Amino acid sequence: MKKSNNALWVVVFCVFFLAPQTFYLFCGKYLDSENYEKRELAEKPRVSLATMAQYPVAFDTYYNDTLPFRTQIIQINSLIDYYGFHESPVSKVICGKDDWLFYNPRGADGDPIGDLTGTSFFTSEELEVMVENLVQTRNHLQTQGREFVIMINPNKESLYGMQYLPELYGADYNYTKADQVVSYLKEHSDLKVVYPKEEIQKAMREFPKYEFYYSTDTHWNALGAYIGTQCLLEELGYEMPHLESENIKHIDSVDGGDLANMMGLSSHIMEKNSYTIDFIADASIKDVSNPVFDEHRFISDSLNNKKLLMIRDSFGNAMAPYIGGYFSETYMPHRGDYSVAMIMEENPDIVVYEVVERYVDNLLTFSTVQ
Amino acid sequence: MLFSSMTFLWVFFPIVVLGSLLLRNKTKYQNIFLLVVSLLFYAWGEPVYVLLMLLSITVNWLFGVWIDKLPHYKKYLLVVCIVINLLLLGYFKYYNFLANSINNVLRSEVLSARNIALPIGISFFTFQALSYVIDLYRGNCKVQKNVLNLALYVSFFPQLIAGPIVRYKDIDEQIQCRQMTMERFTTGLRRFVYGLGKKVIISNCCAEIADQLFALNLESLTVAGAWIAAILYTLQIYYDFSGYSDMAIGLGRIFGFDFLENFNYPYVSRSIHEFWQRWHISLGGWFKEYIYIPLGGNRKGKLRTYFNLCVVFFLTGMWHGASWNFVLWGMYHGFFQIVERLGLEKVLKKYKIFSHLYCLVTVLVGWVLFRVESLSEGLRVIARMILPWRFNFFEFGELTTLFSTRKLLIICFGVLGAGVIQFVGKKIPTLEARWKYSCVECLFCAMILLYSIMLLVSGTYNPFIYFRF
């Protein structure tokens, strides 16, 4: 082999095996090392006799989380996958058509794709348990003079999958997991169930130039939340103004949402379905939320003297701007902060349990009974 | 520790290379350094069982010394040493398999299952140790009185975890005397890079799809799905195993050692007999040297030859895993070896295309048995492959969700690299000669290395939608 070729291989060794750690020592502090993964990165393990056997695994985990140029390499790989091959760099995100992204955690955080293909559906025994549990909860609240409403919001995949997801084996967009649950609850009980799927689909037809869910995020946007809130308030006996195009304003230059962030590309893939609605409540609302907790709390001078407690997930966040003016007090804690004692502490007139389709399993266990 | 981990690539490997370079003119100290890092390499994955390996080394070294010093008793010493090695391997690898099998036959719990963790690489280092004592007994090598040198032979990190199985006689001189040269460094690095690319780029890509298909509910698996799963697993296992062997051989070469080849494009074979001369060559060689030939090989008549083949392939299956589907896989290959000797090989020699197809399909179906968790699962997958009219043939949506442009491109490279490119290279030797070790090839390897590292680093990325505490 020629000496010049030997030298090339030495350069390859130095560049790929020695240079990254060396250069990172000097320039690492100037580079982006923000945590985009929404998890705690591993800490450097301590060497001790007691933990010697666990040290290699702990060190590997720590080193993998703190590799030199890690953020930059991941971003470059993500850009190559996304723009070069139109493929998601992470298995939990599916790249659909027209730059729509969808969530596919395969059961680790719900199963939106399984909710379409039927693989995550409930058995009849589970549905029986669900009805029993929810009826018990409703009856318990009724004895306290409180109203109980269940709100199930459709997955983005269920509403936009047919249009933008790649062809899915076994998907039935007309009968998803939420459809299964809602039809069962309505057939086997007199529970109040709000399920705004049809209303959102109607609004999609009425306003074809707008989308009601974010393209780069798992959530509905302000328009979807508006329709959902409208459905909920209608069930509770209140009327929201009809959505009008002149009240809808598009927001430009918005970074990509949670799905784009999972791919490490939230500053590269912009969100195109971000809107605000010019909505003026009938009452004057004061936001008294505690910033420490994941909650919304409003008091208003609404003539309706009722208090609403809405135990919600993140879909409830976009509903908050529309709800506060309809009740004298509104409290919307995240279900992670819910405890049975909250019912007596807050003493609401209406209890709403809001859940997105992929988390509908929570209806098996949600209860207000000790 | 895995070769395809960032801890190895960016911490262990550069430190060991630099350390060895500093000691390149002092073989004795370099051996000690390589031994220490090899034990650290093994302890990284087996912090407790490294002591087991040290015990195995010590026992085999002692028996080696006794065999040399007490030639009148060498046969008995050999037998005892082999029994000790096989007992160690048998306990850690086969105890629960044996217990379950006996309990199932007797329909009662005669032997209770135990919580035994399998030490990584025990099959490899046990076979290497056995190779030393048997070759010593036969007079094919001299006794290694320096326990540190024997320890280095058994535990040397490039081949410790996944082979190739290096026979002591092939390496004893290199332990005492070798050179770290620029040419060895560059040819070794080249080999290592190709191996890393095979494992990280091709094998992992095939594994992603094959795993999804094999995980499907069998009722959902179509004929097309079964064939695709089998083909992709065929590529996956080849590129995984041969990739590791390439990395091992490359690493050995960097440090001045020459290991024998372990794979020779097995999927170009025209018979199962030829396949086993190209696939995991070191294992086949070990069984031939230490089991087949001592049993008589093919020198004691046809029936005895077939019996010997059955024994070898039974043991080959068992060596790969403690489960009946591995045994069936081994016997499946043994069956075709016998059928070929009964006359099929003559037919295969006449018809080139038929022989290639025969061998590919036979191997492919065999890999299904190797991959599945249970015999019944394997037979159900194979049924879809060979009786397509009885099952749902094809679902478009099933395939579009599995494949992407990037994966298809990688799989194409995988198919071409399994023998097609090499076939073309042999037909145009000047092209091959100009390509090998050229600047263009160096650049190509740099791209492989870059993409492999990108994939490995990206593989550490584990994002969540909501913050996890």
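Predicted model: local features only at pLDDT ≥ 70, side-chain atom pairs only at ≥ 80, totals over all residues.

Which residues does A:S158 touch, not counting residues up to four places away in sequence? They are A:L116, A:Y173, A:T176 and A:E357.

- A:S158 is part of helix 6 of chain A, which covers residues 156-164.
- With a relative accessibility of 2%, A:S158 counts as buried, because the cut-off for a buried residue is under 20% relative accessible area.
- One of the residues that A:S158 touches is A:E357, and the side chains of A:S158 and A:E357 make a polar contact of 2.8 Å.
- Along the chain A:S158 and A:E357 are 199 residues apart, yet a distance of 8.9 Å separates their C-alpha atoms.

**The interface of chain A and chain B**

- The interface brings 58 residues of chain B into contact with 57 residues of chain A.
- Between them the two chains bury about 5,300 Å², and 70% of this area is on carbon and sulfur atoms.
- B:W10, B:Y461 and B:I465 supply 16% of the area that chain B buries against chain A, which is more than any other three residues supply.
- Across the interface there are 20 residue pairs in polar contact, both residues of each pair being at pLDDT 80 or more.
- Several helices of chain B each supply at least two residues of the side that touches chain A, among them helix 1 (6-22), helix 2 (27-45) and helix 9 (182-215).
- Helix 20 of chain B gives the most to this side, with 12 residues.
- Sorted by class, the side of chain B that touches chain A has 37 nonpolar, 14 polar and 7 charged residues.
- The interface of chain B and chain A also holds 2 salt bridges.
- A:D81 and B:R406 meet through their side chains in a salt bridge, with 3.5 Å from N to O.

**Chain B as a whole**

- Chain B contains 20 helices and 0 strands.
- Its radius of gyration is 23 Å, close to the 23 Å that the globule rule gives for 469 residues, so chain B is as compact as a globular protein of that length.
- The C-alpha trace of chain B spans about 70 × 60 × 60 Å along its principal axes.
- Of the 469 residues in chain B, 57% are buried.
- Among the contacts in chain B with a separation of 6 or more, 75% come from residues 24 or more positions apart.

**Salt bridges within the chains**

- Over all chains, a search of the whole structure finds 31 salt bridges.
- B:R184 and B:D258 form a salt bridge in which the closest N and O atoms are 3.0 Å apart.
- This pair links distant parts of the chain, 74 residues apart: B:R184 is in helix 9 of chain B, and B:D258 is in the loop between helix 10 (223-254) and helix 11 (272-278).
- B:R191 forms a salt bridge with B:E261, the closest N and O atoms being 2.6 Å apart.
- B:R191 lies in helix 9 and B:E261 in the loop between helix 10 and helix 11 of chain B, so this pair ties together parts that are 70 residues apart in sequence.
- B:E261 counts as partly exposed, at 39% relative accessibility.
- A further salt bridge joins the side chains of B:K198 and B:D246 at 2.6 Å, N to O.
- B:K198 in helix 9 and B:D246 in helix 10 of chain B are 48 residues apart, and both residues are buried.
- In chain A, a network of salt bridges links A:E37, A:R39, A:D65 and A:R70.

**Backbone features**

- Most residues other than glycine have a negative phi, and most peptide bonds are trans.
- A:K38, although not a glycine, has a positive phi of about 55°; A:K38 is found in the loop between helix 1 (3-27) and helix 2 (55-65) of chain A.
- A:S253, also not a glycine, has a positive phi of about 50°, and A:S253 is exposed, with a relative accessible area of 67%.
- B:G163 and B:P164 are joined by a cis peptide bond with an omega of about 5°; B:P164 is in the loop between helix 7 (157-160) and helix 8 (172-176) of chain B.

How values were computed
Residues numbered from 1 in each chain as written. Chains lettered and ligands numbered in written order. Heavy atoms only, no water. Helix = DSSP H or I, 4+ residues; strand = E, 2+ residues; numbered from the N terminus. Buried < 20%, exposed > 50% of the residue type's maximum accessible area, 1.4 Å probe, protein only. Contact = heavy atoms within 4.5 Å. Polar contact = N/O pair within 3.5 Å; in protein donor to acceptor, adjacent residues only side chain to side chain. Buried area = accessible area lost by both parts, 1.4 Å probe. Salt bridge = Lys/Arg side-chain N within 4 Å of Asp/Glu carboxyl O. Nonpolar A, V, L, I, M, F, W, Y, C, P; charged D, E, K, R; others polar. Rg over C-alpha atoms; globule rule 2.2 N^0.38 Å.
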